[in-house]
Amino acid sequence: MVQRSLREQRQVGRERGRIEQQRLELDLDQHQQRLELDQQPGLDPEHAEHSEHAEHSDHAEHPDALGQDLVGQDLIGRMSATILDGKALANQLVGQLRERVGELQTKGVEPCLAVVLVGDDPASQVYVRGKEKRAAEAGIATRDHRLPAETSTRDLLELVDRLNRDPAVHGILVQLPLPAGIDEQRILQAVDPRKDVDGFHPDNLGLLMLGRPRFVACTPQGCMRLIAAAGVDLTGKDALIVGRSNIVGKPMGQLLLQANATVTTAHSKTRDLEALVRRAEVVIAAIGRPEFIRGEWIRAGACVIDVGINRLASGKLVGDVEFEPAKARAGSITPVPGGVGPMTIACLLANVVDAASR
Ligand code: NDP
C-alpha cells in the first residue's frame, strides 16, 4: 500500500510538472501574440493594454490537457480566462471598414445605411444612436427615418418599398422590436434581400442554411469573429447554443456547423441544461436571463460567448452567464457589456460595406 501510494505521489508530481511546463509554454505563446497584436494597425490605443483580450487563448484549445484531471482543475482554479474584448475587436473591424469605405468613395460609391425606428422605445433609441455613431466613424452615411408608434404596417411597407428602390441606399435597418400593432414578419420580408444588412430576410437565412451566406445576421457573425479571435479551432468541438431565436440561436447553429463543430441547441424545454453546459467546449448563451448559466457548470478551458444583455434592479448590466466564477474556469470569455454588443454593431457595418461593394 505504502509503495503504491509513493508511486502515485511520483506520478502526480510528474503530472504537475508536465502541466506547469504547458502553462509556461502557453504564457510565452500568449506573450508573443500580445507583442504581435500590439504592432497591428487599427487597434485602438485605449485598448492596447488589454490586447490579450482580443486574441488567442490556447486554454480553449487544450481543455482535456489542462482541465479534466484533478491536478489540471487545481491549476485551472488558479488561472483566469482570457477576456475577449469585443470593444477592441470592433474598433479593429471599424478601422478596416473605414479603409474599404475610402476605396469605395474613390470609385464614387458612398455607402449608406437607412435606419428605420418606429415608436419611442428608449432602448431602441439608444441602440439606433449607437449604430449611427459607429457608422459615422466608419465613414458610412446614415439616413434616419423616425416614425410614430401608431404607424400602420401599410405605411411602413411603403417606406420600406421606397428605400428598396432608392439606389443611394445600400442597407436597410428596421430596428426591432416593432410596436405591437405592426406585422414584424411582413416588414422583414419586404426588405430587399440585397439590402437586408441585418440578415433577417428568409432568403438570407435560407442561403446561410445552404452554406452560401450573403448577409449573415450580425450577432452570430460577431460571435464567430470573437471565437476566431480567441484562436479556437471549432473543428470537431462540442458547441452548445442556449437559445433558438431566429436572430441569434438558429443562425449561430448554422455558422458553427459550417465551421465543423458538433452543435447542440438548447431551449426552454431542454432537459438537464447543466449536463449539456458541463460537456460543451464552446458555449453561446443567448437566453435573456441574468446569470442563468452558473459559472461552476462551465467546462474547464471552454470558450464562453455571452450574448445576453440583462439589466438588474440595481441598474447593473449582466449577461446570461455568471461571469466571475465562469471566468475562473473558462479558457476565454466575453464580458457584458463590452463583448458581443460592440461586435454586433461592427458586423452590421461590415454588411453595409459588403452591400455597397456589390
Ligand atoms: P429570445 O427571447 O428571442 O430567445 C431566448 C431563447 O432562450 C429562446 O429560444 C428560449 O427558449 C431560450 N430560453 C428561455 N428560457 C430558457 C431556459 N430556462 N433554458 C434554456 N433556454 C431558455 O431572445 P434573443 O435571442 O433575441 O436574445 C437573447 C439575449 O441576447 C437577450 O438578452 C437579448 O437582449 C440579447 N441580445 C444581445 C445582442 C447583442 O448584440 N449583444 C443582440 C441580440 C440579442 P424557447 O425558444 O423554448 O422559448
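The protein contains 14 helices and 11 strands, as seen in a predicted model. Of its 358 residues, 44% are buried. Among contacts between residues at least 6 apart in sequence, 73% join residues that are at least 24 apart.

The largest nonpolar core comprises 91 residues, and those with the most contacts inside it are Val282, Val283, Ile284 and Leu349. Helix 14 supplies the largest share of this core, namely 12 residues. Because domain 1 (107–214) and domain 2 (216–341) both give residues to the core, it lies between them. The surroundings of one of the core residues with the most contacts, Val282, can be listed in detail: leaving aside residues up to four places away in sequence, Val282 touches Ile227, Val232, Leu234, Lys237, Ala239, Ala261, Ala302 and Cys303.

Helix 14, which covers residues 340–357, is mostly covered, with 16 of its 18 residues buried. At 1.5 Å a residue, these 18 residues should span 26 Å, and the end C-alpha atoms are 25 Å apart, which agrees with that expectation. Within this helix is Val353, which counts as buried because 25 other C-beta atoms lie within 10 Å, where 20 or more are required. When residues up to four places away in sequence are not counted, Val353 touches Leu97, Arg100, Val101 and Pro111. Val353 also lies 8.7 Å from Leu104, C-alpha to C-alpha, although the two residues are 249 apart in sequence.

Two of the residues touched by Val353, Leu97 and Val101, are also listed among the buried residues of helix 5. The buried residues of helix 5 are Gly86, Lys87, Ala88, Leu89, Ala90, Asn91, Gln92, Leu93, Val94, Leu97 and Val101, and what covers them includes helix 6 (122–138), helix 10 (218–229) and helix 14. Gln92, placed in helix 5, is counted as buried because 22 other C-beta atoms lie within 10 Å. Gln92 and Ala346 are 254 residues apart in sequence, yet their C-alpha atoms are 9.3 Å apart in space. Just after helix 5, Gly108 takes a positive phi of about 85 degrees.

The ligand is surrounded by 25 residues, of which the closest are Gly243, Ser245, Ser268, Gly288 and Thr344. Classified by type, this shell has 10 nonpolar, 12 polar and three charged residues.

A cis peptide bond, with omega about 0 degrees, joins Leu176 and Pro177, and Pro177 lies in the loop between strand 4 (171–174) and helix 8 (184–190). Another cis peptide bond joins Val336 and Pro337, again with omega about 0 degrees; here Pro337 is found in the loop between strand 11 (332–333) and helix 14.

Positive phi values in residues other than glycine were found for Asp272, at near 55 degrees, and for Glu291, at near 50 degrees. Asp272 is situated in the loop between strand 6 (262–266) and helix 12 (273–279), whereas Glu291 has its place in the loop between strand 7 (282–285) and strand 8 (303–306). With regard to their surroundings, Asp272 counts as exposed because it has 9 C-beta neighbours inside 10 Å, and 12 or fewer place a residue in that class. Glu291, by contrast, is buried, since 21 other C-beta atoms lie within 10 Å.

Note on methods. Residues are numbered from 1 along each chain as its sequence is written. This is a predicted model: local features need pLDDT of at least 70, side-chain atom pairs count only at pLDDT 80 or more; totals for chains, interfaces and linings use all residues. A residue is near a molecule or strand if its C-beta atom, placed from the backbone, lies within 6 Å of it. Helices (H or I, at least four residues) and strands (E, at least two) are DSSP runs, numbered from the N terminus. Ala, Val, Leu, Ile, Met, Phe, Trp, Tyr, Cys and Pro count as nonpolar, Asp, Glu, Lys and Arg as charged, and the others, Gly among them, as polar. A nonpolar core is a set of buried Ala, Val, Leu, Ile, Met, Phe, Trp, Tyr and Cys residues joined through C-beta atoms within 7 Å. Domain bounds come from an automatic or database domain assignment. Two residues are in contact if their C-beta atoms, placed from the backbone, lie within 7 Å. The expected span of a helix is 1.5 Å times one less than its number of residues.
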